[in-house]
Amino acid sequence: MRRTTVADSRERISRCSRRRRRQPCGIGLAVALFGLACGDTAPSPAPTTETETAAEAPEPEPAPPALAPSGQPYSEERVACANRDPERQVFWGELHVHSRLSMDAYLWDVRGGPDETYRFAKGEEIAFPPLDEAGVPTRPAQLERPLDFAALTDHASYQGEVSLCTTPGSEIYDSQGCGVFRGEIPVEDATGFGNFAARMGSIGGAGDEQNIVPKRNTALCGEDGTTCKDAMRAVWDEQQAAAERHYDRSAECSFTTFHGYEYTATPGLAKVHHNVIFRNAAVPASPLPWVDIPDVYDLWKGLRSECLDAGIGCDVITIPHNSNLSNGNMFAVTGKDLPLEEQRARAVLRRDVERLVEITQIKGDSECRNGMYQVMGAPDEFCDYEHWRWRPPETPDCEEGTGVGALMGQGCVSRNDFVRYALLEGQREQNRLGVNPYKLGFIAATDAHNANPGDAEEYSYQGWSGAQDATPGQRLTAMPPQVPSAATPLASNPGGLAAVWAEENSRDALFDAMKRRETFATSGPRMTARFFGGWDYPADWCESADRVAAGYAGGVPMGGDLPGAPEGATAPVFAISTLRDPGVAAHPGGLLQRAQVVKGWVDDEGRYHQAVYDVAGGDNDASVDTNTCEVSAVGHDDLCAVWQDPEFDASRRAVYYLRVLENPSCRWNQLQCLALPEGERPSGCNDPNVPRVIQERLWTSPIWYEGPAAG
C-alpha cells in the first residue's frame, strides 16, 4: 500500500478546495495524513442547493493540534509519532556535513547536493568522486545502517559566490575570479595545498594581512556584496526545500531533518567554526555568515533578534566544532575590558544559544591533552587519541593567550582547544561573573565533505574530501613533517556520531533533548550509555528491572544539574549503564573494556584539576594483532555500576562525565594497508609516526554540581 506523504496530503487538500462545491472538505492536514482527506471519505448524497448543503453538511471543526512529548502542541504541522517512549530512546544522527554547496567540497569535485545528502543519511546509495568525462561521480557509497536524523551544514560564507560561479549564464559566471575557481584559469600556490588555496581565494578576500577579518570579492559581488548575498539566500531556500522534502511528518517518524548551516569563522587560519541548527522550518530569511559578521557574538545577537525574539516560532542552537584547531580562540574569554554587566550579558547570551559541543570528528579529537598549562592531576592515558596536530615538531602552549595558524600546523596549542578544559574555563567564569558560558553537552560528527552524513565506520572508510582522498593510494601516502595535517589524509579519521535520548524521532522531541543536553557522542560505533546523577541511588540499581525509571526519578540524566543535596548526603552518586555496539552481520561491534567517570574542578587560584576513575570493567590486557587485525576475545557486552565520588568537596563546583572505551582495534589505515598486496602498499603503511591501533569510545554529556546553594 502506498504511504500518504505530506505532499500528497497538501495536494489532496488543494483539490478539495477546488471541488468544495461538490464535496465538503476542510478537515486539516493532521486528519489527511491518516488517509481521511476528501477522496477517502464516504460520498454524501447530492445536495439540491448550496444552501441545503450548508444546512445539512456543516464543515467539521478543525482537529486539535497534535501534542509533542513535552505536552505542548508541536511547533509545526505534523502528527504524533506512533513510536513514543516516555523513558526515552536513543536516536543516531549527524549535525555537521557538507555537500557541493560548500566551496571546498565543490573544488574536490563533490557533486552531491542536499537531496543526495539526505538520501545517503536514509541508507540510499549515492556516488562520490572521481568524476567521469561527463562530470558524473563514479564511486558508489552507502551507509551500513541508516541514520535517524541529519542536518546539512554547508558553509554559509561564499555560498552565493559558489552558486553563481558554477551556474552557467549567471551574471558573474564568465568573470576571471569564477574561471579561477572552476579551475579553467590555472594558478599556482605554495601553501602546501597545491592550487586549492588560490582557487578558494579567487572568490573571497581578507581585510588585513593576517586574514583575521574576511571580506567579499567586490569584483564578483559588487561594492555592497548584494549580488552574492542574494544568491546566498537562494541557496538557503534550496537547502530548506530539500530538508522539508525528506522530513517524515507521518506517524512512522522514520527520518528527521533539521535546517542548518555552518558559521565558518577562520580568523588567521584558526578554526572557530560553529554549526547553527534550527528547531523547525521557521527560520530567518538568510544565514548569518562569517564573511559578513566576523564577530561571533554578533552571530548570537543576530540569532536572538532574527530568530528567538522575532515572533516567528523560531528556535536555534549553535554548536562549536573541532576546537582542537582553534589556537585557544574557540573558548577564549573576550570582552574583559567591557563593563561587568555587559560581560555577564554576553555570557548569558552564549549560554542560552550554545548548548552542545562537538567533541570529536574527522579532523581529530577535542576531548583533552596531557601536559597543558596549569592542568593539575595525573596524566590521562586515554587523552592521546586522534590528535590532529600529532606530527612533529611539538608546538608551544598558548598558556593564557591565543594564537593563529592551526590549520597550517602553526601557532600555539591551548588547553581551551579541548572540551574538558573549556568546561572548567566555564566554571572559572562562573566564579567570576556568576554565569557559566560554557555549559555544554557532547555530540560528535564527521564534518565529511562528500554529502555523506554518518559515514563513520573504520572498515568502510573512503575518505572525506572528494577527489582529494578518493583512492587508497591517496589516503595512505606519507607526507613530509612540514606538510600541514589538513593536507595529510593519514591524519584524518572517519569521525563520529551524535546520539540523542528522546521520546520520539520528531524535530521537537530531538531539539528539546539537545537543548537539555541529554546527548552523547561516539567515535563511530553505536554503543549506548545512560548516565544519571543523584544522591541516593541504591547499590543494587543495576539489578533493577526498572532502573531507567529509577534513574530519572532519583536524580538527573546526562546534561543536567545535580539537585540540591538532601540532609545527611555526603557525596553525589552516579548510576551508569552502557551497552556495546552489536554492529552488523559482517562486522560485529567491539567488546567494551571499561567505563570511566571523568571529574573536573577549579581551585581557588583558578587552576584546572582533573581526575579519572574506572567505575566498571578495567584493564583486561585486550590486544589487537596488527598483522591480521584480529582482536582479543576478552571484554564486556555491557557494563553497569553505581559509583560515589570518593573525593567530594561540597564547597566547590564540579563537573562529571562518563567515558566508555572499547577494546583496542585496528585503525582504518591499517585495515586498508593489509587489504593491499605487500609490494603495493603506499609509504604511509610503514611510517612509524602513523598510529595503527585505536580505542573507539563514547562520551556522555556532563552532569554539573553547582555548589552548596544548588537546588
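# Disulfides, strands and ring pairs

With -90 degrees about the S-S bond, the link between Cys 673 and Cys 685 is left-handed. The model is predicted. It holds nine disulfides and 25 aromatic pairs.

**Disulfides**

- The sulfur atoms of Cys 673 and Cys 685 are 2.0 Å apart. Cys 673 has a relative accessible area of 3%, so the residue counts as buried. Cys 685 is buried as well, with 7%.
- Cys 81 bonds to Cys 253, with 1.9 Å between the sulfur atoms. The S-S torsion of Cys 81 and Cys 253 is about -95 degrees, so this disulfide is left-handed.
- Cys 81 sits in the loop between α3 (50-56) and β1 (89-94), and Cys 253 in the loop between α10 (226-246) and β7 (256-258), so the bond ties together parts that are 172 residues apart in sequence. Both Cys 81 and Cys 253 are buried.
- Cys 629 is joined to Cys 666 at an S to S distance of 2.1 Å. The torsion about the S-S bond of Cys 629 and Cys 666 is about -95 degrees, so the link is left-handed.
- This pair links distant parts of the chain, 37 residues apart. Cys 629 is in the loop between β25 (624-625) and β26 (630-631), while Cys 666 belongs to strand β29 (residues 665-666). Cys 629 and Cys 666 are both buried.

**The sheet β8-β9-β10**

- Three strands make an open, antiparallel sheet in the order β8-β9-β10. The edges are β8 (260-263) and β10 (316-320); each has a single partner strand, so one side of each is left without a neighbour in the sheet.
- Neighbouring strands of this sheet are turned by 20 degrees against each other on average, direction ignored.
- Five bridges pair strand β9 (residues 274-278) with β10 in the antiparallel sense.

**Strands around β17 and β31**

- Strand β16 (residues 497-502) runs antiparallel to β17, joined by four bridges. Val 500 has Thr 519 in β17 as its bridge partner.
- Strand β17 (residues 519-522) is in turn joined to β31 by three bridges, again antiparallel. Ala 521 is bridged to Trp 699 in β31, and Thr 522 to Leu 698.
- Strand β28 (residues 654-662) also pairs with β31, antiparallel and over three bridges. Here Arg 659 stands opposite Trp 699.
- Side chains in a regular strand alternate between the two faces of the sheet.
- Strand β17 is covered on both faces. Thr 519 and Ala 521 are buried on one side, Phe 520 and Thr 522 on the other.
- Strand β31 (residues 697-700) is likewise covered on both faces. Arg 697 and Trp 699 are buried on one side, Leu 698 and Thr 700 on the other.

**Aromatic pairs**

- The ring centres of Tyr 297 and Trp 300 are 5.0 Å apart and the planes stand at 85 degrees, so the pair is edge-to-face. Both residues lie in helix α11 (residues 296-308); being three residues apart, Tyr 297 and Trp 300 are separated by about one helical turn. Tyr 297 and Trp 300 are both buried.
- Phe 574 and Trp 643 have ring centres 5.9 Å apart and planes at 35 degrees, so this pair is tilted. The pair links distant parts of the chain, 69 residues apart: Phe 574 is in strand β20 (residues 573-579) and Trp 643 in strand β27 (residues 638-644).
- Phe 574 has 0% relative accessibility and so counts as buried. Trp 643 is buried too, with a relative accessible area of 11%.
- Phe 574 and Trp 643 belong to a cluster linked by ring pairs, together with Phe 531, Tyr 613 and Tyr 656.

**Charges over rings**

- The charged end of Arg 182 sits over the ring of Tyr 173, 3.8 Å from the ring centre.
- Arg 415 places its charged end over the ring of Tyr 608, 4.0 Å from the centre.

Conventions: Residues numbered from 1 in each chain as written. Predicted model: local features only at pLDDT ≥ 70, side-chain atom pairs only at ≥ 80, totals over all residues. Heavy atoms only, no water. Pairing = 2+ DSSP bridges. Helix = DSSP H or I, 4+ residues; strand = E, 2+ residues; numbered from the N terminus. Axes fitted to C-alpha atoms, helices over the stretch in contact; angles between N-to-C directions. Buried < 20%, exposed > 50% of the residue type's maximum accessible area, 1.4 Å probe, protein only. Phe/Tyr/Trp six-rings, centres within 6.5 Å; stacked < 30°, edge-to-face > 60°. Lys NZ or Arg CZ within 6 Å of the ring centre and 35° of its normal. Disulfide = S-S within 2.5 Å.
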